[in-house]
Amino acid sequence: MNPHLNQLQPYPFEKLRQLFADVTPNPAFAPISLGIGEPKHPTPAFIKQAMAEHLGGLASYPSTAGSDALRGTIAAWLARRYTLPKIDPATQVLPVNGSREALFALAQTVIDPASDALVLCPNPFYQIYEGATYLAGATPYFVNADPARNFAPDYATVPVEVWQRVRLLYLCTPGNPTGSVMTLEDWKLLFDLSDKYGFVIAADECYSEIYFKPEAPLGSLQAANLLGRADFHNLIAFSSLSKRSNVPGMRSGFVAGDAAILKKFLLYRTYQGGAMSPTVQAASIAAWNDEQHVIDNRAKYLDKFSRVTPMLQEVLDVALPDAGFYLWAGVDRYPGISDIEFARRLYAEYNVTVLPGSYLGREAHGSNPGRNRIRMALVAEADECLEAAARLVAFTRTL
């Protein structure tokens, strides 16, 4: 067996299942889960119709590179969304079966397993970054979220001797679980460091279309273009339809950026077998070509967050995030109860599931930045989220 498999930690939801294994929730309450970030808004009818109309594609082997039509559609969306003057659909775009598998596969492509490589990861983080690192034969180095920086990692704190060994840097903007968004100044620092030390930047942007300010979050390709890096050197952006279009089961996303890296990534994926079904490609074209359903979806999230956040601010350390569909709330005003015990008791007494923040982080530099925080995914319809918030408020009154 691959010995690196022994380095993998249980997924947060497996830890949550074990935490609740011997708990019988209060039967007076119907179950409500804010634990898993799975979109629950209805899939737009036109996307389902596009898939139904192209079932004939199931009779064909798909190309790993995807169709010219899909790559062209994605390139056009990128140009519109991020005001990019030019992006080559033939060399700078590649469809993938959701951003998750692509985030994992990129590490296997860009890391030399014979090297003493480090991979920088935010902390807390999406656990795929860590697993991809270990299975590529590298070691993760965690950069803790800084509450003083709106929970963004402070890359200026990373020592020179660490940067010298970094071969890949994962980041998530808007962040999971914190909702923080990278600024242009943040990007300039990372691009300068990448140029100096030669590492690849993997920008996970799957939450980019759910935001609460008038301006859309800055994207990595957009930042590169603004800073005169139109070739996107050593930069790969990842995006997905799962959150944007409420189709998590369709497994459709893309990577875009440095053409030289994508050429090698395509070679890797040709062997890996990561090709998207022609039927899914057709539905994806329909989804990327339409913005009205995205605007409507965003409005539903804004409505939920604007109603739920003030309720929870009375009892938790929480604020409206820059973007994304999570609330990242502190519970440390209640001494003597950890984030893990908070989640366990809330489930037992009120049948509401939240994810302990420490499950999303690692002990690094003397602390786990997820400790004494909880992540709440406001993915259900508004009434259910409001009911969960009311129960959570009632629960805190007992502490």
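Contact here means heavy atoms within 4.5 Å. You're looking at a predicted model, where local features need pLDDT of at least 70, side-chain atom pairs count only at pLDDT 80 or more, and totals for chains, interfaces and linings use all residues. Residues are numbered from 1 along each chain as its sequence is written, and side-chain values use heavy atoms, leaving out hydrogens and water.

**First stop: α3 and α11**

Select residues 68–82 for helix α3 and 278–288 for helix α11. (Helices are DSSP runs of H or I, at least four residues, numbered from the N terminus.) Their axes, which are lines fitted to C-alpha atoms over the stretch in contact, sit 9 Å apart at an angle of about 20 degrees. That makes α3 roughly parallel to α11 (angles under 35 degrees, on a scale from 0 to 180 between N-to-C directions). The crossing is left-handed: the near helix is turned anticlockwise from the far one by less than a right angle.

Now show side chains. From α3, pick Ala-69, Leu-70, Thr-73, Ile-74, Trp-77 and Arg-80; they meet Gln-281, Ser-284, Ile-285 and Trp-288 of α11. By class, this contact has six nonpolar, three polar and one charged residues. (Ala, Val, Leu, Ile, Met, Phe, Trp, Tyr, Cys and Pro count as nonpolar, Asp, Glu, Lys and Arg as charged, and the others, Gly among them, as polar.)

**Next stop: α4 and α5**

Switch to residues 99–110 (α4) and 128–135 (α5), whose axes come within 8 Å and cross at roughly 30 degrees. So α4 and α5 are roughly parallel to each other.

Select Arg-100, Leu-103, Phe-104, Ala-107 and Gln-108 in α4, and you'll find them meeting Ile-128, Tyr-129, Gly-131, Ala-132 and Leu-135 in α5. This contact divides into seven nonpolar, two polar and one charged.

Notes:
Helix = DSSP H or I, 4+ residues; strand = E, 2+ residues; numbered from the N terminus. Parallel < 35°, antiparallel > 145°, perpendicular 65-115°, else oblique.
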